Amino acid sequence: MILRALAILIAGALPLAAQEAAPTKPPERIVADLSRDDVDITTSFDGSEIIIYGAIKREAPPLATPLDVIVTVEGPALPVTVRHKERRFGIWVNTGKVAIASAPNFYVVATTRPLEKILDPAEDSRFRISVPLAMRAFAGAAEVDDVVPYTEALIRLREQHDLYRLDEGAVRLAEETLFRADVRLPANLMEGLYATRIFLIRDGKVQDTFRAPIEVRKVGLERWLYRLAFEKPFLYGLMSLALAVAAGWGASAAFRQLQRS
Amino acid sequence: MQIYLPIAEVAVNAFALVGLGGVVGLMSGLFGVGGGFLITPLLFFIGIPPAIAVATGANQVVASSFSALLSHVKRKSVDFRMGWVLLAGGLVGSSIGVFFFNILSRLGQVDLVVQLCYVIFLGLIGAMMLQESVRALRRSRKSGPIKPMRRNQHGWVHRGPFKIKFRASGLYISVIPVLLVGAAVGILGALMGVGGGFIMVPAMIYLLGMPTKVVIGTSLFQITFLSAYTTLMHAVSLNTVDIMLAVLLIIGGVVGAQIGTTLGAKLRAEQLRILLALLVLAVCGKLGLDLVLKPDDLYSLTPGVIG
């Protein structure tokens with residue numbers, strides 16, 4: 001785990017494009033599509049499902065070693081601070097904290113088989129596939145001696161809220177050619193650009209990658225309110241107050257009518 | 001029925017929020033407290049981000065206290081002059097409180113200070129009120145008809161300069177202690193993210209010597225304006241008011257507040273004070289236990305990078 005945390009630090013300093021240069025002319029290539037490339041958040045939004053499907057295009061007959069597919073869906077990255085409580089003078093107090101400059105608010109890894117059996121660790125850190133590698137870098141120098149429990153806590157807490165997930169065996173692969181993954185997006189989804197990545201794995205090595213964006217956005221009333229709150233906050237504040245006062249007066253008047261009759 | 005909240009960016013059960021608003025509104029009508037000390041922790045509990053819970057809670061408090069205030073105006077149980085003086089002190093105190101809040105968050109222990117504030121003040125006030133009101137109830141039972149509680153006629157509040165006649169409260173006292181009470185409540189309210197009704201009500205009864213029936217209406221008057229100010233500040237500077245969440249809470253809140261005021265008119269003042277004291281002690285106990293008991297997870301996440 002310490003090595004892994006170090007890898008996050010070092011890799012975080014490198015530009016992303018340099019790490020993910022795919023090998024030239026792969027013998028097997030991914031042809032894929034998504035069931036939808038945008039998700040609309042309406043008032044009744046209660047999560048969504050995206051089907052990521054495709055086929056493997058090859059010039060020569062497949063090799064003898066087994067073929068695997070990994071699908072990841074990654075949400076917009078934001079800074080987050082992980083804090084740790086300790087008992088001081090009988091009460092629980094926040095003592096240590098680790099600031100992570102950039103961690104996706106949503107990250108799902110779906111695979112055909114258990115991740116550690118199909119993916120070489122070096123390839124994992126190169127392409128940043130597994131959940132711990134989704135975090136980019138620490139913000140400033142760490143204040144604590146051991147950051148590992150903090151990064152583990154971030155993953156654990158996000159997993160509890162269904163925001164980080166490792167779905168081993170969730171990708172179905174037929175005849176080493178056709179694959180399909182159903183990815184569930186939870187109800188507590190944030191607006192933004194989500195990135196889908198598909199990796200073709202043989203002998204633990206990445207053979208080919210495929211990327212496609214998913215746009216998650218608020219629509220209708222949700223969008224109107226959100227924009228008003230950020231673009232005309234004073235008007236929005238007055239509107240909230242007017243609503244509160246009107247509701248307060250309305251209920252008072254209604255109850256007076258009720259009591260009179 | 002799930003509803004997606006545009007600012008909080010989470011989906012929540014609409015009926016649960018209406019119910020939550022209703023319970024808090026009931027407290028508001030019954031005791032003249034805004035209910036901020038109840039609604040903010042309850043919203044945390046159902047997964048609303050803290051900053052949004054505090055700001056939207058303030059907006060809901062405006063609705064339920066305004067609704068309850070109208071009924072009190074009708075019953076003529078509001079001392080407007082007292083309300084304005086308290087509010088003036090409150091706005092000054094609130095600004096001082098925000099200043100302290102910023103200093104504490106730079107030091108990194110604002111959560112702990114807020115929690116300790118809650119436990120200490122709720123504990124002290126709850127215990128004081130319970131002891132006093134139980135004694136008053138016993139006394140009134142023994143001597144049959146309810147005698148008006150004898151307030152100390154010439155305490156420190158009567159000696160200062162700038163005396164004003166507060167007719168609705170039947171008081172002729174110096175304006176300085178009233179301003180000080182308003183400011184102190186404003187400071188604590190801003191620090192703890194609440195309207196401060198639960199501090200204001202006992203302060204009016206025990207420090208200023210106001211009669212309980214007028215206290216509730218006057219406290220509601222002051223809370224309505226102070227939380228409207230807070231809501232606007234949060235909306236403008238932090239964009240943390242979620243109007244959809246507010247609507248759901250308000251629907252429950254205004255109905256609850258009306259039921260609360262109707263119920264409150266039927267209960268005796270001592271009984272009301274005992275109930276409020278028990279409620280305050282219960283919240284205090286819960287927060288105290290949170291400080292002492294080992295939390296479920298020793299780690300917690302806060303969005304953004306904290307300096």
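Strands are DSSP runs of E of at least two residues, numbered from the N terminus. In this predicted model, Asp33(A) belongs to one such run, strand 1 of chain A, which covers residues 28-34.

**Asp33(A) and its surroundings**

Asp33(A) has 13 other C-beta atoms within 10 Å and is therefore partly exposed, since a residue counts as buried at 20 or more such atoms and as exposed at 12 or fewer. Leaving aside residues up to four places away in sequence, Asp33(A) touches Tyr53(A) and Gly54(A). Arg88(A) lies 55 residues from Asp33(A) along the chain, and a distance of 54 Å separates the C-alpha atoms of the two.

**The open sheet of chain A**

Chain A contains an open sheet of 6 strands, arranged in the order 2-12-11-4-7-8, with mixed pairing. Its edges are formed by strand 2 (38-41) and strand 8 (164-168) of chain A, each of which pairs on one side only. From one strand to the next, the twist averages 15 degrees.

Leu193(A) has Glu215(A), in strand 12 of chain A, as its bridge partner.

**Chain B**

Chain B has 307 residues, of which 51% count as buried. Its secondary structure comprises 10 helices and 5 strands. Among the contacts in chain B with a separation of 6 or more, 80% are between residues 24 or more positions apart.

Helix 1 of chain B runs over residues 14-31 and has 18 residues. From the first C-alpha to the last, this helix reaches 26 Å, close to the 26 Å expected at 1.5 Å a residue. Buried residues in helix 1 of chain B include Leu17(B), Leu20(B), Val24(B), Met27(B) and Phe31(B). The glycines Gly21(B), Gly22(B), Gly25(B) and Gly29(B) are also buried there.

Strands 3 and 4 of chain B form a hairpin with 4 residues between the strands. Strand 3 (residues 163-166) pairs with strand 4 (residues 171-174) in the antiparallel sense, over 4 bridges.

The unreviewed UniProt entry annotates several stretches of chain B as "transmembrane region", including residues 12-38, 44-70 and 205-229. Two of these stretches are described below.

| Stretch of chain B | Helix content | Strand content | Distance between end C-alpha atoms |
|---|---|---|---|
| Residues 44-70 | 85% helix | 0% strand | 30 Å |
| Residues 205-229 | 84% helix | 0% strand | 25 Å |

**Where the chains meet**

Contact between the two chains involves 49 residues of chain A and 48 residues of chain B. On the side of chain A that touches chain B, the elements giving two or more residues are strand 5 (77-88), strand 6 (91-104), helix 5 (148-160), helix 6 (220-231) and helix 7 (233-260) of chain A. Helix 7 of chain A gives the most to this side, with 15 residues. By residue class, the side of chain A that touches chain B divides into 32 nonpolar, 11 polar and 6 charged residues.

Key
Residues numbered from 1 in each chain as written. Chains lettered and ligands numbered in written order. Predicted model: local features only at pLDDT ≥ 70, side-chain atom pairs only at ≥ 80, totals over all residues. Contact = placed C-beta atoms within 7 Å. Expected span 1.5 Å × (residues − 1). Pairing = 2+ DSSP bridges. Nonpolar A, V, L, I, M, F, W, Y, C, P; charged D, E, K, R; others polar. Axes fitted to C-alpha atoms, helices over the stretch in contact; angles between N-to-C directions. UniProt positions renumbered as here; feature names shortened; annotations may be inferred.
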